[in-house]
Structures are given as structure tokens and as C-alpha cells.
Amino acid sequence: MSSRVHKGWYLFFGVSALLLIVAAGLLQRTPGYMDADYYYAGAIQLGDGKGFTQPFIWNYLDNPQSLPAPLFTYWMPLVSLLAAPGWAIFKSFTAARSLLWIVAALIPPLTIWIGMRLHGNSRLALLGGCFALSPAYYFVYLPTTDAFGLMMVLGSLFLITSGEQDQPSPWLVLGSGILSGLLHLSRADGILWFGAGGLWLMVTAWRRREQQARWLVMLALQLVLFTLGYLAVMAPWYVRNLQIFGWFFPPTGSRSLWLTRYEDRFVYPGSMLNLDHFLTGGIGLWGKAVWAALLANLQ
């Protein structure tokens, strides 16, 4: 059993992943489905200098009153922010995805790195890199304008920084907070990473309580650093939401609790999405959706 992976393997897997993603991406002439379409539309708006506005109504969850309407009241903006520079310079779908392709190419090297940190077996780590190089179900989504690759990379980096916190470093704690903010800026459910990171800090501090007399003070400082890192990314977004909606989160968040299928995102008016909607025939549909998601994940 080898206890290290030569640096050349990381480069090989990164370059191979990039070539595969580019090859697949060149076969995609359009985003391909509604979420990716929205991210691409957001990138065009930002790249053309029109700001966080959209000249169309995408759904009714935020109760739009007029056009142009605010961008990203349901989806989060980081994918479009990364795609906007490519569009701004070259005005093409291919260019808009260039930064996202580079990000997705980091998935196999990071998989190898995490494998080495977990078990130290280079053969198993390289095997994990091979699986990451051919991600089957997700391969069709990585080359388009969506958050899958972004979440995989940011999530991997979060696990790497958090995994070092048995020997806590202020910079790692701050970095974990920044990564949790980027994960939230990528997807609305990314806020769970912020909660998970705070919980992990508390668990590791509790484990060290007998070796560290002032462990509660250290925990408090770590939670402050972690939160500052998160807010360094998310505070501007919360300020924007306060200005538009009068609250930190758009109204779409509470209404999406009552979604029973994808099409419910486009119910009009959005106020129809409530507990009654969920209970009236909705639980069965919700159960089917959960089952379908489980089968898809098992792939």
C-alpha cells in the first residue's frame, strides 16, 4: 500500500477531466433544461450590464408586479456570476461555460486528495479519481450552466478544510465559513453547509474539552470566525434582499416548502402554494417525487 500519490496524477486527472467536459460541452448547443436556461439567462443579463434584473417572469413564487423583475428570487446567482464574464467577452454559450468547465475539472483531483486524507491508500484514491472522471448520471449536467460541478468542488473543499479542524487553525475556520457562504450562493439549500459547519465546530470542541481548559472561549471565537467568513460572501446578498423584499430571504423560500412536483414552481398565483395545497393530494405526489429522487441517486 502506497501512502502518497505523485503530483503528476493530480495534473493528469485534472487535464483529462477538462478535456472530457469540453468535448461533452461542445456537443451541447443550448442549456438543455429550465434550470440551466435560467442560469444562462442570468449570465446574459449580467454580462450585458443590465444588473440583477430579468425582462421576463420566470415563476410566480415571488409575486412579480412588473417588468423588469428581480433576478434570482428562487435560484442563487453564483453560477451566473461565473458565466457572465465569458458571455460579456465573447457573447457565446460556449464561452459562458468556460469557467464552469475549469471548476468541474477539479472534481477528480479533489476526489483523490480526499481519498488520501481518509484512508491513505493511493490505489483506492486513484480508483476514486477514475470514478469521478466518469460520473455517469451527472456527466450530462457538468458541461452546462448549472451548479452541480460547482457544488461538488466547493463541498469537497469544505470537507477538506473542516477535516483539519481537530487541530484548529483560525485560517481554516475562516476558510470553511467562506466556503459555506459560496455553497449558499450557489444553491438555496447551500445554507445547510453553514449549519453543518457550525455543528462540526461544536462537536470537535466538545471532544477537546478535557485537553483544553478554555474550550468554550475557543469555540466562541471559532464560531465568530466561521460566521464572519460566511457573511463575507453572503452579506451583500442579504442586503440586496432586504432592499427588494424587506427581509433576508425572498418569499419564494417559504412557498417552496409546499412544492410537490417541479411544475408547482409555476403555479399562479404563488399564494396557492400553502399547507392546504400540500395536503390536498400533495403528499402522494411528494412521496413519488422522493422515491424518484432516491432511485436517481442510487444510479
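This is a predicted model: local features need pLDDT of at least 70, side-chain atom pairs count only at pLDDT 80 or more; totals for chains, interfaces and linings use all residues.
1. Contact, as used in this note, means heavy atoms within 4.5 Å.

2. Helices α8 and α9. By the contact criterion, Leu150, Met151, Leu154, Gly155, Leu157, Phe158, Thr161 and Ser162 in α8 meet Leu172, Ser176, Leu179, Ser180, Leu182, Leu183 and Ser186 in α9. Sorted by class, this contact has nine nonpolar and six polar residues, with no charged residues.

3. Geometry of that pair. Two packed helices are described by the angle between their axes and the distance between the axes. For α8 (residues 148–163) and α9, the axes come within 9 Å and cross at roughly 160°. Angles over 145 degrees count as roughly antiparallel, and α8 is therefore roughly antiparallel to α9. The crossing of these two helices is left-handed.

4. Helices α9 and α10. The axes of α9 and α10 (residues 191–207) come within 7 Å, with a crossing angle of roughly 155°. Because of this angle, α9 is roughly antiparallel to α10. The contact has six nonpolar and two polar residues, and no charged residues. On the α9 side stand Val173, Ser180, Leu183 and His184, which meet Ile191, Trp193, Phe194 and Leu201 in α10.

5. The largest pocket. Its volume is about 1,500 Å³. The lining has 42 residues, of which Asp35, Tyr74, Arg187, Asp189 and Arg265 are the closest to the centre of the pocket. By class, the lining divides into 27 nonpolar, nine polar and six charged residues.

6. Helices around the pocket. At least two lining residues each are supplied by α2 (34–47), α9 (170–186), α11 (215–245), α12 (252–255) and α14 (282–298). The largest share, seven residues, comes from α14. Helix α9, discussed above for its packing, is thus also one of the helices that supply the lining of the largest pocket.

7. The cavity. Rolling a probe the size of a water molecule over the atoms shows where empty space is left. How many cavities of 30 Å³ or more does the structure hold? There is one, and the largest cavity has a volume of about 70 Å³.

8. Lining of the cavity. The residues that line the largest cavity are Tyr38, Gln54, Ile57, Trp58, Asn59, Asp62, Pro64, Ala69, Pro70, Thr73, Tyr74 and Trp75. They divide into eight nonpolar, three polar and one charged. Tyr74 lines this cavity and is also among the residues closest to the centre of the largest pocket.

Conventions: Residues are numbered from 1 along each chain as its sequence is written. Side-chain values use heavy atoms; hydrogens and water are left out. On a 1 Å grid over the protein atoms alone, a cavity is a set of points where a 1.4 Å probe fits but cannot get out, and a pocket is an open set with protein on both sides within 12 Å along at least five of seven lines; lining residues have an atom within 4 Å of a point. Grid points are joined across faces, edges and corners, and a volume is the space filled by probe spheres set on the points. Helices (H or I, at least four residues) and strands (E, at least two) are DSSP runs, numbered from the N terminus. Ala, Val, Leu, Ile, Met, Phe, Trp, Tyr, Cys and Pro count as nonpolar, Asp, Glu, Lys and Arg as charged, and the others, Gly among them, as polar. Axes are lines fitted to C-alpha atoms, for helices over the stretch in contact, and angles run from 0 to 180 degrees between N-to-C directions. Angles under 35 degrees count as roughly parallel, over 145 as roughly antiparallel, 65 to 115 as roughly perpendicular and the rest as oblique. A crossing is left-handed if the near helix is turned anticlockwise from the far one by less than a right angle, and right-handed if clockwise.
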